[in-house]
There are 2 protein chains.
Amino acid sequence: MINLLNVQVSPRRDKSLSRNLSETFISHLNDFDSDLEIVHRDLSKVPPQFVDLNWIASAFTDSSERSHEQRKILHKSDKYIDEIRWAEIIVIGTPMFNYGMPAALKAWIDQIARISETFSFDLNRGDFPIEPILKNKKLVVLTSSGEFGFDEGEIRETQNHLIPHLRTCSHYLGVDKKKDLYHIGIEFQEFKDDRHQKSIKNAHQKAQRLAEEISFCDKNLEKVS
Amino acid sequence: MINLLNVQVSPRRDKSLSRNLSETFISHLNDFDSDLEIVHRDLSKVPPQFVDLNWIASAFTDSSERSHEQRKILHKSDKYIDEIRWAEIIVIGTPMFNYGMPAALKAWIDQIARISETFSFDLNRGDFPIEPILKNKKLVVLTSSGEFGFDEGEIRETQNHLIPHLRTCSHYLGVDKKKDLYHIGIEFQEFKDDRHQKSIKNAHQKAQRLAEEISFCDKNLEKVS
């Protein structure tokens with residue numbers, strides 16, 4: 001059995017390329033693992049709150065000393081983190097907005113980066129006091145962008161603030177960015193040309209193959225354990 | 001006379017390092033240019049809305065054909081863009097949140113990236129169809145971060161998704177990122193040590209010098225014109 005958290009960001013709903021791509025990935029995973037359990041977290045339907053002063057004060061108060069009010073303030077953050085804790089695979093389906101995460105996705109990241117929950121902080125560790133708490137999760141990021149050429153070595157590499165940023169933040173999600181972060185992107189959306197159609201087709205094929213690979217690894221892991 | 005738009009993001013209000021640094025910069029600019037005009041845009045007090053489906057539909061409808069409802073949806077975005085249009089200097093005072101912009105700042109960026117307002121789009125331009133509309137503005141970014149070493153060539157260079165992202169988006173603000181974007185940052189906030197105190201002191205000195213330089217350039221420009 002695989003627990004999968006499906007985080008969707010696009011406001012476009014049915015017409016969204018990143019949502020459709022996520023559906024391809026998840027439905028193929030489901031074909032291979034019929035006992036896939038899915039929790040849906042739609043950041044467009046119910047957007048996260050921005051982190052404010054009371055949130056910060058509550059998060060930095062020891063959990064045993066939090067007031068009723070402070071526990072209420074962190075309720076949604078607790079819920080988001082519980083979903084991550086439960087999941088073995090986290091899917092993030094998102095458009096690139098202005099070269100980075102849509103604000104709603106960043107608001108979710110700001111809500112789940114929590115001391116003593118997703119990271120620990122200890123000055124005895126010297127200049128690198130932060131360590132992640134969660135581990136062994138896979139992150140599959142499925143994106144769409146209007147322009148193109150955002151991959152390493154391509155023409156807009158230095159303008160990609162979506163994947164590198166998610167990579168840096170992936171430790172909060174319990175993801176080893178070197179081996180457990182996968183990205184498939186649709187490009188050329190603004191150009192509406194053949195390159196766009198080809199990009200959609202390629203991305204869906206890659207998503208199918210990735211589902212197969214991940215499912216295969218998962219079954220092998222089950223046999224070993 | 002200089003028109004200055006002061007965009008502040010930190011939820012910490014009076015205790016905020018980035019707000020205090022912004023105050024140093026602005027008050028010194030005011031010492032040199034006594035007829036400074038300032039508009040304050042506090043994204044923590046009144047956070048921007050997330051871009052949703054109706055917003056996108058309204059923004060992509062020709063302004064002459066927008067319904068009353070659509071004009072209402074874009075009202076806040078119009079206001080933000082008017083403030084940018086009016087300004088000659090834009091100050092953004094912000095903490096680094098999880099290695100990038102706080103979600104509220106990203107929400108503001110998403111609100112001001114508007115077709116026919118801050119950028120034009122034309123497929124006749126080939127693979128680079130986007131061009132900025134506004135120009136000749138200076139952007140001063142004043143930041144604080146918990147960790148350190150985010151500058152080019154430093155140990156956390158690849159984890160800096162704040163300044164590079166703002167740089168990429170600065171064309172929407174009418175800023176030539178090669179010559180009119182300035183950044184001064186306070187670091188080491190989490191460490192609360194001597195390095196942090198030194199970083200605060202240095203940043204405030206730099207902010208004073210930058211105010212002097214900008215004011216000097218501005219006066220020379222006035223003489224020339």
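Is B:R195 buried, partly exposed or exposed? With a relative accessible area of 31%, B:R195 is partly exposed, where buried means under 20% relative accessible area, exposed over 50%, and partly exposed in between (1.4 Å probe, protein chains only). The structure is a predicted model, in which local features need pLDDT of at least 70 and side-chain atom pairs count only at pLDDT 80 or more, while totals for chains, interfaces and linings use all residues. Residues are numbered from 1 along each chain as its sequence is written, chains are lettered from A and ligands numbered from 1 in the order in which they are written, and side-chain values use heavy atoms, with hydrogens and water left out.

At the interface, 45 residues of chain A are in contact with 45 residues of chain B. About 3,600 Å² is buried between the two chains, and carbon and sulfur atoms give 64% of this area. Buried area is here the accessible area (1.4 Å probe) that two parts lose on being put together, summed over both. In chain A, the residues that lose the most area to chain B are A:F50, A:N98 and A:H161, which together account for 18% of what that side buries. A further residue of chain A, A:T168, is found in helix α6 (residues 163-169) of that chain. Helices (H or I, at least four residues) and strands (E, at least two) are DSSP runs, numbered from the N terminus. A:T168 counts as buried, at 8% relative accessibility. Not counting residues up to four places away in sequence, A:T168 touches B:Y99, B:T158, B:Q159 and B:H161.

Salt bridges were identified as a side-chain nitrogen of Lys or Arg within 4 Å of a carboxyl oxygen of Asp or Glu. The structure holds 28 of them over all chains, and two are counted between chain A and chain B. The side chains of B:D127 and A:R195 meet in a salt bridge with an N to O distance of 3.1 Å. Within chain A, A:K106 forms a salt bridge with A:D110, and the closest N and O atoms are 2.7 Å apart. These two residues are separated by about one helical turn, because A:K106 and A:D110 stand four residues apart in helix α5 (residues 103-112) of chain A. Both A:K106 and A:D110 are buried.

In chain B, the closest N and O atoms of the salt bridge between B:K138 and B:D180 are 3.8 Å apart. B:K138 lies in strand β6 (residues 138-144) of chain B and B:D180 in the loop between α6 (163-169) and β7 (181-186) of chain B, so the pair ties together parts that are 42 residues apart in sequence. B:K138 and B:D180 are both buried. The residue of the opening question, B:R195, forms a salt bridge with B:D193 (2.9 Å, N to O). B:D193 counts as partly exposed, at 24% relative accessibility. In chain A, salt bridges that share partners join A:D78, A:D82, A:R85, A:R114 and A:E117 into one network.

Strand β1 (residues 3-8) of chain B has six of its six residues buried, so it is largely enclosed by the rest of the structure. B:N3, B:L5 and B:V7 point one way from this strand, and B:L4, B:N6 and B:Q8 the other way. Two strands are taken to pair if DSSP finds at least two bridges between them. β1(B) pairs in the parallel sense with strand β2 (residues 37-42) of chain B over six bridges, and B:R41 in β2(B) is the bridge partner of B:V7. Five bridges join β1(B) to strand β3 (residues 89-95) of chain B, also in parallel, with B:L5 opposite B:I90 in β3(B).

Definitions and conventions. Contact = heavy atoms within 4.5 Å.
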